[in-house]
Amino acid sequence: MAARTRQLLASLAVLATGLASVATTPCFNSATAQTPPTTVELGAQGSEASVVFRARTDSRIESVEITARLVSGQGSVEVIAPEVWLRERDAGRPIPDGGAVGPFLADVNGTTQNVCDGVCAELFEVRLRRSSGMDPGSVELIVKVGAETKDCADRDSDDYVVVERVP
Amino acid sequence: VTHSSPRVQRVIGEALLHPVALVALVLLVLNDHVLKSAYPGLVTGKLSDAAGLTVFPLFLHALLEAGFRVTGASFTRWSRTAALGGAAITAFGFALVKGSERGADLFRNGLGAVQCLPYAFSGLDPAACQARVVRDATDLWALPFAFVSVWLVGLRQWKESPSSTPSDVPSTHS
């Protein structure tokens, strides 16, 4: 083959390799797990409660959804979560009376706190504050954690990611 | 009468024309853009790592060779060293990305910056297109594939050396 032709083909191969390297697209599937509804008792306006959860996965936690619902009492509650977990714009957003809020997306921009290396446990705290209402109230809290699965695998969430309340 | 040996112009990136490299390149593209979504799982999850590690050092080698050509310097004596260096850099970078969160973040931001160039020109928010990578230490099994390039470049050197004197100088100049 003529050197010029070989050079043309080799240049195309170099170009293709460069493009293929840049356009690499790792695939992702998500596995999710959620806690059963957890009831948290809150006093009147201004009172706070704290619940700690542990998420376990051998991959990266990519999202945390917190749903809080005032199931008894009048007024509203706020979900106050650690900034490392929640984007600032979502933290402390008041929950409408009787409504749910979420999803709150975890901050996935490089914080090491939400990354597991191997099978690991991640603890995080969800704090609730009664923002209005004069009577005691109950808040139903559900935490859902999503994790990226490796190797494009569509893993069974039961064993791939686990989230549970820490007593 | 003296006979000078024929001066053969080296083909930049020729190692990428070796069947092993071509198969790896085709597999990389096919797996990334077709197979991963069609057959998600362990095999497709690892295939791109092996294919990418095979061809990327050859890409670096070709870039370096092109740089030497531009400056007029001889690349022949540095070719194997460059291949080894390219393989080592690729393997190190891959290990960093797959084995450390800081490396994975660098990769996300670096590759993201390149992949998001079209966003910059289209007025979309570049922050919305950060590249994604899963840190997975089990991917490190593919590291030896980075050194296939050293073998391929060595084959090329061997092929050139007995019959001709490779030159970086274009034949039209001889």
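Predicted model: local features only at pLDDT ≥ 70, side-chain atom pairs only at ≥ 80, totals over all residues.

User: Which elements make up chain A, and in what order do they run?

Analyst: Chain A has 2 helices and 8 strands. Starting at the N terminus, they follow the order α-β-β-β-β-β-β-β-α-β. Of its 167 residues, 46% count as buried. Among its contacts between residues at least 6 apart in sequence, 80% join residues at least 24 apart.

User: Which pattern does chain B follow along the sequence?

Analyst: Chain B has 6 helices and 2 strands, and its pattern reads β-α-α-α-α-α-α-β. Buried residues make up 43% of its 174 residues.

User: Why is A:Leu19 called exposed?

Analyst: A residue is called exposed when its relative accessible area is over 50%. A:Leu19 has 54% relative accessibility, and therefore it counts as exposed. This residue belongs to helix H1 of chain A, residues 3-22.

User: What makes the nonpolar surface patch that includes A:Leu19?

Analyst: The patch is made by A:Leu8, A:Leu9, A:Leu12, A:Leu15 and A:Leu19, and its area is about 490 Å².

User: How do you know how H1(A) and H1(B) are placed relative to each other, and at what angle do they cross?

Analyst: Two packed helices are described by the angle between their axes and the distance between the axes. Here the axes of H1(A) and of helix H1 of chain B, residues 19-38, come within 10 Å and cross at roughly 35 degrees. The crossing is left-handed. On the side of H1(A) the contact is made by A:Ala13, A:Ala16, A:Thr17 and A:Ala20, and on the side of H1(B) by B:Leu25, B:Leu28, B:Val29 and B:Asp32.

User: Is B:Glu14 buried or exposed, and how do you know?

Analyst: The cut-off for buried is under 20% relative accessible area. B:Glu14 has 13%, and it is therefore buried.

User: What joins B:Lys36 and B:Asp32, and how far apart are they along the helix?

Analyst: Their side chains meet in a salt bridge of 3.1 Å, N to O. Both residues lie in helix H1 of chain B, 4 residues apart, which is about one turn of the helix. B:Lys36 is buried, with a relative accessible area of 7%, and B:Asp32 is buried, with 6%.

User: Why is the pair of B:Asp139 and B:Lys46 said to tie together parts of chain B?

Analyst: The two residues form a salt bridge whose closest N and O atoms are 2.5 Å apart. B:Asp139 lies in the loop between helix H5 and helix H6, and B:Lys46 lies in helix H2, so the pair ties together parts that are 93 residues apart in sequence. Salt bridges with shared partners join B:Lys46, B:Lys98 and B:Asp139 into one network.

User: Why is B:Thr90 called buried, and which residues does it touch?

Analyst: At 9% relative accessibility, B:Thr90 falls under the 20% cut-off and therefore counts as buried. Leaving aside residues up to four places away in sequence, B:Thr90 touches B:Leu53, B:Phe56, B:Pro57 and B:Leu60. Its place is in helix H3 of chain B, residues 79-99.

Methods:
Residues numbered from 1 in each chain as written. Chains lettered and ligands numbered in written order. Heavy atoms only, no water. Patch = residues over 30% accessible without salt bridge, like charges linked within 9 Å, V, L, I, M, F, W, Y side chains within 5 Å. Areas by Shrake-Rupley, 256 points an atom, 1.4 Å probe, with all protein chains shown as cover. Salt bridge = Lys/Arg side-chain N within 4 Å of Asp/Glu carboxyl O. Buried < 20%, exposed > 50% of the residue type's maximum accessible area, 1.4 Å probe, protein only. Axes fitted to C-alpha atoms, helices over the stretch in contact; angles between N-to-C directions. Left-handed = near helix turned anticlockwise from the far one by under 90°. Contact = heavy atoms within 4.5 Å.
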